[in-house]
Amino acid sequence: MRGATMHLQGLSHLQVYDSTLEALTKSGLILVLGVAIVASNILIIATFLNFRGPSEVINYYLLSLAVADLLCGLLIVPLSVYPALTGEWIYGDILCRFIGYLEVTLWSVTVYTFMWISVDRYLAVRKPLRYETVQTKTRCQCWMAFTWISAAMLCCPPLLGFNKAQFDEEAYVCMLKWGSMTAYSATLAILVLGPSVISIVHNYGYIFVMMRRLKSGAPIHDKEYATALAENLANPSHTMSFALIFSFWLSWSPLIVVKFYEGVTGDVFQNPLVHFGIVWFGVLNSLWKFIILTGMSPHFRLALRIFCLTICCRTKGRLQAELIGLDPDD
């Protein structure tokens with residue numbers, strides 16, 4: 001009997017040790033992810049703001065995405081570090097509701113911004129001769145301001161008490177209870193996803209068709225239009241922006257599929273580790289943008305090198321970049 005008791009006590013201590021190690025690992029992963037998101041998006045914002053050379057209109061949309069990701073890394077991710085250790089939300093119901101509201105707002109801003117990016121790329125291909133007059137910097141700034149204001153207003157009912165938030169004990173984040181307001185949830189999904197998904201599919205479908213048509217050597221009678229079209233299609237911003245959009249939906253697709261399955265079947269997906277993984281895999285999208293921009297945008301690499309020179313050499317950075325003749329295609 002005594003030996004059996006000691007064996008059970010040993011198992012109990014081992015389970016506590018495993019549980020503590022798992023909590024520390026999850027908390028550490030969240031902390032590292034939060035620091036990486038904040039650092040990478042501060043670097044993106046500082047790089048674009050520091051650059052004084054010729055820039056594309058799409059940079060304003062990329063700044064909007066970086067600001068949304070930065071707010072996620074500053075206001076949402078850090079509040080999950082301590083709950084990952086304790087398994088409890090200690091910050092109160094009001095803050096939990098605000099975090100749920102902020103998550104939906106930033107997610108909506110990101111989706112809308114991708115829609116405007118697809119429209120911008122479509123206009124660059126559809127109207128290459130008039131693109132610079134149609135897509136002005138002031139117009140894009142107005143669209144971004146409208147996007148942030150409209151997203152904040154569309155998602156505000158949870159702050160007014162019309163929806164509740166609950167702490168997810170498996171992912172350690174506060175999320176809104178969409179089932180308590182089915183009509184509002186469906187309306188918000190239609191208003192956010194409807195125009196965005198339709199625009200993205202249509203616009204990039206048109207871009208890829210024109211790319212294939214140009215590569216196949218299909219005749220285009222207007223030579224001036226054909227030349228401008230070829231120049232615009234050679235811009236790496238098309239594939240870079242598509243990669244950003246694809247990575248976003250790839251990151252969130254596991255969670256969307258699971259939620260859709262639960263809503264249709266009524267079964268609750270019961271696997272804490274997998275649930276934790278798919279939620280934070282979606283949040284990981286906020287880090288991928290820096291990797292994609294660095295790997296696929298020559299303009300961003302140029303601006304990043306100039307920013308690094310500016311930091312290292314202070315005011316001489318920009319002059320030094322001009323003297324050494326940095327090439328955007330390098």
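Visitor: What share of the 330 residues in the protein is made up of buried residues?

Guide: Buried residues make up 44% of the 330 residues, and since this is a predicted model, that share, like every value here, is computed. A residue is called buried when its relative accessible area is under 20%.

Visitor: How many helices and strands does the protein have?

Guide: The protein has 13 helices and two strands. As for its contacts with a separation of 6 or more, 77% of them are accounted for by residues 24 or more positions apart.

Visitor: Why is helix 4 called roughly antiparallel to helix 9?

Guide: Helix 4, residues 93-126, packs against helix 9, residues 237-265, at an angle of about 155°, and their axes are 10 Å apart. Angles over 145 degrees count as roughly antiparallel, and the angle of this pair is therefore one that makes helix 4 roughly antiparallel to helix 9. The handedness of their crossing is left-handed.

Visitor: Which residues of helix 4 and helix 9 meet, and what kinds of residue are they?

Guide: From helix 4, the residues in the contact include Trp107, Phe114, Ile117 and Arg121, while those from helix 9 include His238, Leu244, Phe248 and Trp252. The residues of this contact divide into 11 nonpolar, four polar and one charged; Arg121 is one of the residues involved, and Arg counts as charged.

Visitor: What makes glutamate 22 and lysine 26 a salt bridge?

Guide: The closest N and O atoms of glutamate 22 and lysine 26 are 2.9 Å apart, and a salt bridge asks for a side-chain nitrogen of Lys or Arg within 4 Å of a carboxyl oxygen of Asp or Glu, so the pair qualifies. Both residues lie in helix 1, residues 2-50, where they are four residues apart, about one turn of the helix. Glutamate 22 has a relative accessible area of 38%, which means that it is partly exposed, whereas lysine 26, at 6%, is buried.

Visitor: How do you know that aspartate 93 and arginine 97 form a salt bridge, and is each of them buried or partly exposed?

Guide: Their closest N and O atoms are 3.6 Å apart, and the cut-off is within 4 Å, so the pair counts as a salt bridge. Aspartate 93 and arginine 97 both lie in helix 4, four residues apart. Aspartate 93 has 47% relative accessibility and therefore counts as partly exposed, while arginine 97 has a relative accessible area of 18% and is therefore buried.

Visitor: Where in the chain do aspartate 69 and lysine 289 lie, the pair whose side chains meet in a salt bridge?

Guide: The side chains of aspartate 69 and lysine 289 meet at 3.1 Å, N to O. The pair links distant parts of the chain, with aspartate 69 in helix 2, residues 58-76, and lysine 289 in helix 11, residues 285-296, 220 residues apart. Both of these residues are buried, and by this rule the count of salt bridges comes to four.

Visitor: What makes the phi of tyrosine 172 worth a remark?

Guide: Most residues other than glycine have a negative phi. Tyrosine 172 is not a glycine, yet its phi is positive, at about 65°. Tyrosine 172 is found in the loop between strand 1, residues 165-168, and strand 2, and with a relative accessible area of 10% it is buried.

Conventions
Residues are numbered from 1 along each chain as its sequence is written. This is a predicted model: local features need pLDDT of at least 70, side-chain atom pairs count only at pLDDT 80 or more; totals for chains, interfaces and linings use all residues. Side-chain values use heavy atoms; hydrogens and water are left out. Axes are lines fitted to C-alpha atoms, for helices over the stretch in contact, and angles run from 0 to 180 degrees between N-to-C directions. Angles under 35 degrees count as roughly parallel, over 145 as roughly antiparallel, 65 to 115 as roughly perpendicular and the rest as oblique. A crossing is left-handed if the near helix is turned anticlockwise from the far one by less than a right angle, and right-handed if clockwise. Contact means heavy atoms within 4.5 Å. Buried means under 20% relative accessible area, exposed over 50%, partly exposed in between (1.4 Å probe, protein chains only).
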